[in-house]
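Got your viewer open and your selection tool ready?

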Amino acid sequence: MERVIVISSNNNPDYLFYLPYVRKAWNSYGWKVCCMITDDIESVVEADYVIKVPKIEGIRQETIAQASRLYAGGFFADDVYLMISDMDLLPLADYWHPTLDLDTITVFGHDLTWFSFIPMGYTGMSAKKWREVMNITDDRMADFVRDCKEIELPYAQDWEKWWNHDWTLLTKRLKPYMDK
């Protein structure tokens with residue numbers, strides 16, 4: 001089974017700085033790296049997969065970068081295992097061993113949020129399962145806008161609100177699966 005880490009960035013050099021190190025580390029453990037990038041990045045981004053996400057009027061580039069990871073399942077074959085991570089989380093050990101059951105969802109570190117949010121770092125499942133959980137259609141950008149309107153946080157002025165859109169959305173989408 002192909003295993004892919006999904007990270008993201010906008011043109012913030014503080015995040016792009018980490019990409020070569022993060023990629024090398026994940027590759028050393030047998031994972032490929034997919035970097036979701038916003039359209040404000042003009043430099044070459046080197047990853048195993050690079051997916052450019054267009055600008056969406058009225059939504060911050062930071063929000064697009066953060067939440068785009070949740071829609072990566074729309075770009076991969078059913079049986080590819082996708083685990084989201086943060087650009088600045090460097091793996092120092094290989095303890096991520098997803099089950100071969102492609103219908104299983106794995107969340108590492110839920111306890112680190114005091115079980116209040118599903119963390120964006122280290123939540124994984126098959127691409128097929130991501131499409132189910134996130135209700136991903138062929139129009140991923142329409143799906144993104146739909147979810148922004150549903151959660152409403154991307155439109156907030158307060159950083160402490162809009163910054164948590166991705167965690168809030170992921171937590172809401174996974175809530176029906178929590179007993180598993």
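Begin by selecting residues 140–151, helix 5, together with residues 165–174, helix 7, in this predicted model. Their axes come within 11 Å and cross at roughly 95°, so helix 5 is roughly perpendicular to helix 7.

Next, show the side chains where the two meet. From helix 5, pick Asp147, Cys148, Glu150 and Ile151; from helix 7, pick His165, Thr168, Leu169, Lys172 and Arg173. Color them by class and you will find 3 nonpolar, 2 polar and 4 charged residues in this contact.

Now keep helix 5 alone on screen. Its 12 residues reach 16 Å from first C-alpha to last, close to the 16 Å expected at 1.5 Å a residue.

Which residues of helix 5 are buried? Select Asp143, Phe144, Asp147, Cys148 and Ile151 to see them. Look down the axis: these residues cover an arc of only 135°, which puts them on the same side of helix 5. An α-helix has 3.6 residues a turn, so residues three or four places apart point the same way. Bring back the neighbors, and you will see the buried residues of helix 5 packing against helix 3 (61–68), helix 4 (127–134) and helix 7.

Stay in helix 5 for Ala142. This residue counts as partly exposed because its relative accessibility is 36%.

How values were computed
Residues are numbered from 1 along each chain as its sequence is written. This is a predicted model: local features need pLDDT of at least 70, side-chain atom pairs count only at pLDDT 80 or more; totals for chains, interfaces and linings use all residues. Side-chain values use heavy atoms; hydrogens and water are left out. Axes are lines fitted to C-alpha atoms, for helices over the stretch in contact, and angles run from 0 to 180 degrees between N-to-C directions. Helices (H or I, at least four residues) and strands (E, at least two) are DSSP runs, numbered from the N terminus. Angles under 35 degrees count as roughly parallel, over 145 as roughly antiparallel, 65 to 115 as roughly perpendicular and the rest as oblique. Contact means heavy atoms within 4.5 Å. Ala, Val, Leu, Ile, Met, Phe, Trp, Tyr, Cys and Pro count as nonpolar, Asp, Glu, Lys and Arg as charged, and the others, Gly among them, as polar. The expected span of a helix is 1.5 Å times one less than its number of residues. Buried means under 20% relative accessible area, exposed over 50%, partly exposed in between (1.4 Å probe, protein chains only). The arc is that of the directions from the helix axis to the C-beta atoms.
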